[in-house]
Amino acid sequence: MTASVAVYRNIYTEERFKQTYGKEDRAPGGLLLGKRLAQKCRCSRRAFLHLLSERVPIFSWLPRYRLRKWLLGDTIAGLTVGILHIPQGMAFALLTSVAPIFGLYTSFFPVVLYMLFGTGRHVSTGTFAVVSLMTGSVVQQLVPAPLQLNASSPEAAALEAQRIGVASAVALLSGIMMLCMFVLRLGFLSTYLSEPIVKAFTSAAAFHVTVSQLQSMLGLRLTRHTGNFALFKTLASVMENLPQTNMAELLISLVCLAILVPVKEVNTRYRTRLRTPIPVEILTVIIATGVAYALSLDSTCDVQIVGHIPAGFPSPQMPALHTFPDIAGDTVAITFVGYAVSVSLAMIYADKHAYSIHPNQELLAHGISNAVSSLFTCFPSSATLATTNILESSGGFTQLSGLFTSLVVLVVLLLIGPLFYFLPKAVLACINVTSLRQMFLQFQDLPGLWRVSRIDFMVWVVTWLSVVVLNVDLGLAIGVVFSMMTVIGRTQRARCSVLGQASDTEIYRPMQNHSKCSEVAGVKILTYNGPIYYGNRSFFKEEVSRLLGLTPERIRSLEKKRKALEKRQRDTTVSTVSTVSTVERGVANASFSSDNELLKSAEKEVQALLMDCSSVIFVDVAGARLLIQMCIDCQKVGVCIYLANCNERVLKILTSSGLMNYMNPQHIFITVHDAVVYIQHLKEKTPDTTTVWV
């Protein structure tokens, strides 16, 4: 490139620049606040319609629906996902420790409600393996099931009612939490679950799901373990009872896995060629039900079957509200996981198809979905990985696909449900395990994560190990805390660098990475790549002291020398030269010689410290006090402090903390080069109206 840049302008301090280009002072804040409140409280038809379209998005996108272009894709995608919801809903109900029919309810009501209130066009809601597993852990703790229990006995019905009461209470409390977060506009909280945390958590949770399904796949009647080390306790229990394996259920599981795994692989590899994926799950369910009925496997081979599935809609009933104190802690984790996964999926497909979603509106949508659905004996729901991926790849365009999904589930609820009476539970367990393929494949991200950021790699590994070894809830908490500690650690250990100037330019870069840049004579230019706050003030002080060479001992030594020099200069100015005593003149001459040597050595050292604050995003009270102390220390050794590139918030905090009492306000510049030119001209004692020439 042969182009060049030439700039000729005045030197700008922050104060001078603000006077020239800043905004005029606004009216008093109280008046502005009153006007804003009046505008917010003003009601009109237009404002009402705008609010309605924001809070109930279907009124926004439905009038603009392109019938000819989108209807076919939404229909095919919705029907495909609906067919998948049937086996997965019943399978994930087993994870939740409730009857399969409640999984079908959870695959219907949240889908309809999200269609009305959600902003994700390609999001499929319903039962999700991780959320179901976490909910099932809560249900198992509060309502443990005895091993020997007749499924048709009144005790079994009462136990089932207690279990769904707890599961729906978790859904209700989760919905209430999301609605409270929506009112407080706390949608940003999902950002604390970073991508490495979410991927590691879901991958580790997939191991918990797989291990929990082993007993159903092997036909073992075992107690479900919860709490810390639950995965290893379950594995140990399965290994101990391995001789009691039901060979018929083991054979059913092997046949189902032999069918499900290859067909799912075909669906994944050839999804661009297949108009719709092969509905292998529902086909497996239908065939397995027919075989079990024809061979009477429940009576001849003691195969566990789903049992009675009532037809029709559930009657509204209140969840077990008295369990709220016992489930509150676990529900917080379930809420955050469900919301974080849902928003992450919505954002992925929104970016892919160039539209936007609103995280706070997603809180409202999922909050209403969970709260209302809980009144119809549903357990917690969220967006699901597998069905969302299928919905998008099958050609879905809008939320209207949820209508066709819910219609498929509705037909099963009203008509077909009782026909699944003889469905073996081992088949549902196999569907659970094979649905986790995407979660297991997240290990493939680790090599790339290691190359990009080893800290994020450590977050992934720590979260995964914590969830696998300890428990889903505690492991997630450890992952979040560890991730936040890495952020704090990075801000504490931010790098402080010395800047050098590229010759004949206004460009300043770190000396350690740019050997051809040179320091400005007598000026030490420092930049700090992080905030200055209570957590890193000591590290920042150590870095600056190291780069300036100003230890407390050296500050005292230089302060004494400077005071001695000032005293000699005053004595020399006040005293009269004696013409009689040549000895005195000799002493005076020696004194002048010593002073000149001190001045010459001082000229070689730092006379000005310039802080480039462009990377300092915020300063707290402790950081401001540290800068004040630095000003005092530098004044003791005769070094002036200058600031450049301060953002307005940092400058406001520094001014409010009293920094200007120890520093000249005219020493704060808009760029590093303005400050350097000012310092150089100050040495030459030029007027204050100097200009910058680059």
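This is a guided tour of a predicted model, going from the whole chain to single residues.

Because the model is predicted, local features are given where pLDDT is at least 70 and side-chain atom pairs count only at pLDDT 80 or more, whereas totals for chains, interfaces and linings use all residues. Residues are numbered from 1 along each chain as its sequence is written, and side-chain values use heavy atoms, with hydrogens and water left out.

**The whole chain**

Start with the protein chain coloured by secondary structure, where you will find 30 helices and 10 strands; helices (H or I, at least four residues) and strands (E, at least two) are DSSP runs, numbered from the N terminus. Of the 694 residues in the chain, 49% are buried, a word that stands for under 20% relative accessible area, while exposed stands for over 50% and partly exposed for what lies in between (1.4 Å probe, protein chains only).

**The nonpolar cores**

Next, select Met90 and Leu423, which have the most contacts inside the largest nonpolar core, a group of 121 residues. Such a core is a set of buried Ala, Val, Leu, Ile, Met, Phe, Trp, Tyr and Cys residues joined through side-chain atoms within 4.5 Å. Helix 16 (residues 324-352) supplies the largest share of this core, 12 residues. A second, separate core has 34 residues, including Tyr528, Met611, Leu651 and Leu654.

Stay with Leu423 and show what surrounds it: leaving out residues up to four places away in sequence, Leu423 touches Met90, Val285, Ala288, Thr289, Gln304, Ile305, Val306 and Leu428, where contact means heavy atoms within 4.5 Å.

**Two crossing helices**

Now select helix 5 (residues 67-95) and helix 20 (residues 425-434), whose axes come within 9 Å and cross at roughly 95 degrees. Helix 5 is therefore roughly perpendicular to helix 20. On the helix 5 side the contact involves residues including Met90 and Phe92, and on the helix 20 side residues including Leu428 and Ile431. The axes are lines fitted to C-alpha atoms, for helices over the stretch in contact, with angles from 0 to 180 degrees between N-to-C directions; under 35 degrees counts as roughly parallel, over 145 as roughly antiparallel, 65 to 115 as roughly perpendicular and the rest as oblique.

Move on to the open sheet of six strands, which has the order 5-4-6-7-8-9 and mixed pairing; two strands pair if DSSP finds at least two bridges between them. Strand 5 (508-510) and strand 9 (668-669) stand at the edges with a single partner strand each, so one side of each has no neighbour in the sheet.

Within this sheet, select strand 6 (residues 523-528), where six of the six residues are buried, so the strand is largely enclosed by the rest of the structure. Val523, Ile525 and Thr527 point one way from strand 6, and Lys524, Leu526 and Tyr528 point the other way. Strand 4 (residues 496-501) pairs with strand 6 in the antiparallel sense over three bridges, and there Ser497 stands opposite Thr527 while Val498 has Leu526 as its bridge partner. Strand 7 (residues 608-612) runs parallel to strand 6 and is joined to it by five bridges, with Leu610 as the bridge partner of Ile525.

Finally, select helix 23 (residues 454-469), among whose buried residues are Phe457, Trp460 and Trp464. The cover over its buried residues includes helix 10 (195-212) and helix 24 (472-492). Then find Thr245 in the loop between helix 12 and helix 13 (247-269): Thr245 is buried, with a relative accessible area of 14%, and, leaving aside neighbours within four places in sequence, Thr245 is in contact with Leu218, Leu220 and Leu250.
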